[in-house]
Amino acid sequence: MPKLLTVSLSLIAATIALTGCNREVPDTHPDQPVTKRRALFKEFTRTLEPMGLVSRDRQPYKADKFLEQAQALKKLSTQPWPLFTPDSNYPPTTASPKVWQQEEALKKAQTQFLQAVDDLNQAAAGTDLDRIKTTVNDVQKACKACHDTFRNEKLL
């Protein structure tokens, strides 16, 4: 067999093998709370990212658009928490068991996040760009603090 064909077949076999290893465990729960909350958190990211770009002066500030994004984040902000039910700690979750072991700490993290989102919305309704940037950073810090504590590091 020509060497190029052997190498090509080896690369194809390796690709197939690696693809099989990366397949995520399906969410088999009838209500799919893990899938639903992960989709909500991805929507958080898609909503917050453009505001983060504004806060770092990488995109121009457009007051109407920014306020719209802040309001969308506020609407999303309460939705994932009820999906952390006792029966939702199963693969493919990336939530740490701490979510269920440290319920008060999780509740505190949620409260801090919700307050940061409220502050962001109040700032976005105004014209103080420095305050707006600070509140975006506060929301991002609240997200990171929760991830640092309640997200399973092995699965990141």
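**View 1. Overall fold of the chain.** The model is predicted: local features need pLDDT of at least 70 and side-chain atom pairs pLDDT 80 or more, whereas totals for chains, interfaces and linings use all residues. Residues are numbered from 1 along each chain as its sequence is written, and side-chain values use heavy atoms, without hydrogens and water.

**View 2. The aromatic cluster.** Phe41, Phe44, Trp81, Phe84, Trp100 and Phe113 form one aromatic cluster. The structure holds eight aromatic pairs (ring centres of Phe, Tyr or the six-membered ring of Trp within 6.5 Å; planes under 30 degrees apart are stacked, over 60 edge-to-face, the rest tilted).

**View 3. Trp81 and Phe84.** The ring centres of Trp81 and Phe84 lie 6.1 Å apart with planes at 20°, so this pair is stacked. Trp81 is buried at a relative accessible area of 13%, and Phe84 is buried at 17% (buried: under 20% relative accessible area, 1.4 Å probe, protein chains only).

**View 4. Trp81 and Phe113.** For Trp81 and Phe113 the ring centres are 6.1 Å apart and the planes stand at 70°, so the pair is edge-to-face. Trp81 belongs to the loop between α3 (63–76) and α4 (98–101) and Phe113 to helix α5 (residues 103–124), so the pair ties together parts 32 residues apart in sequence. Both Trp81 and Phe113 are buried.

Conventions: Buried < 20%, exposed > 50% of the residue type's maximum accessible area, 1.4 Å probe, protein only. Helix = DSSP H or I, 4+ residues; strand = E, 2+ residues; numbered from the N terminus.
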